[in-house]
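Please look over the sequence and the model shown here before reading on.

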Amino acid sequence: MKGVRLYRARGGPDYIADNKLTSDNIYSMAQQTANWLFSMGITPNDRILAEKLPFPQNEILAFGIWTLGASMILTGDNNIQEATQYGSPSLVINNKLDYFEKIKKFPTTYNPDYKPLLADEAMVFWNDGKGIKLSHYNLLVNTNGIQHAIDLYENQTFHVSLEPKSMAWVILQAILPLYSGAPLTAKDPDICLGENEGNFLIKFQWEQLEETNPPTLFMLNENTAFISMNKTPIHLSGMNNTNKPTEITGHSVMMGYLDDELNKKVFKNDSLNII
């Protein structure tokens, strides 16, 4: 399967309704991006670090990287130096680059020598001195879990506005519109997600899980992005305690840290210990 098709489970007409950007547009621009990256010597399994670009360039860049079979490095703390040192990217795309202008001349069809597999590394998330490796399967399972948790369907629209510096951005803003077929829009959306208001709240930092109204989507990067909605684990995720989980299991559990010594500390008895 080609990279972007891994995430195009249903494929509605629009990806970002406000920009009149369709899922077909995303697919074509991802192919152009893959051709552009290939022209610069990037090969499958290489890592590419992307700084913050104007919306929706980071979203489309991600699919282009995955179409090539490469992996994206995203920083949560904007520590480009550490992310580069430990993530070893083959290319850094900085925020001064006019990325959309760069890909214009490239074909909208990319014929890969390598087609990414679900088990392949899709990205590295660098934050607070740690790099988390995640597979395409991790991303898909977490996206599917959130789609079911918030009951989002392809005949609906939703709104979320996050900067490209968190795993919540990857799942909710980059992948979910394409995967669910439900377009992103700020104009009378059916569902709103946000940190401070909305039908569902996004919680990045927390001491314990709790029942809230509106429901809260609790973040845990070691579980790809989201661990639960209120105290209920998302689909195919498990935890040993619904108040203060210390161990997690399931299909969203990360591939591992970049640091193998950390991996030895956290992976025990078929579960991951939260540190």
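Glu222 forms a salt bridge with Lys130, with 3.9 Å between the closest N and O atoms, a salt bridge being a side-chain nitrogen of Lys or Arg within 4 Å of a carboxyl oxygen of Asp or Glu. This pair links distant parts of the chain, since Glu222 sits in the loop between S11 and S12 whereas Lys130 belongs to strand S7 (residues 130-135), 92 residues apart. Glu222 counts as buried at 9% relative accessibility, while Lys130, at 24%, counts as partly exposed; buried means under 20% relative accessible area, exposed over 50%, and partly exposed in between, with a 1.4 Å probe and protein chains only.

The model is a predicted one, in which local features need pLDDT of at least 70 and side-chain atom pairs count only at pLDDT 80 or more, whereas totals for chains, interfaces and linings use all residues. Residues are numbered from 1 along each chain as its sequence is written, and side-chain values use heavy atoms, with hydrogens and water left out.

The structure holds six salt bridges. Among them is the one between Lys264 and Glu261, at 3.3 Å between the closest N and O atoms; both residues lie in helix H8 (residues 260-266), three residues apart, or about one turn of the helix. Helices (H or I, at least four residues) and strands (E, at least two) are DSSP runs, numbered from the N terminus. Lys264 is exposed at 58% relative accessibility, and Glu261 is partly exposed at 47%. Elsewhere, salt bridges that share partners join Lys52, Glu163 and Lys165 into one network.

The loop that carries Glu222 lies between S11 and S12, and these strands, residues 216-219 and 226-229, pair in the antiparallel sense over three bridges, where pairing requires that DSSP finds at least two bridges between two strands. Leu217 has Met229 in S12 as its bridge partner.

Phe218 is buried, at 1% relative accessibility.
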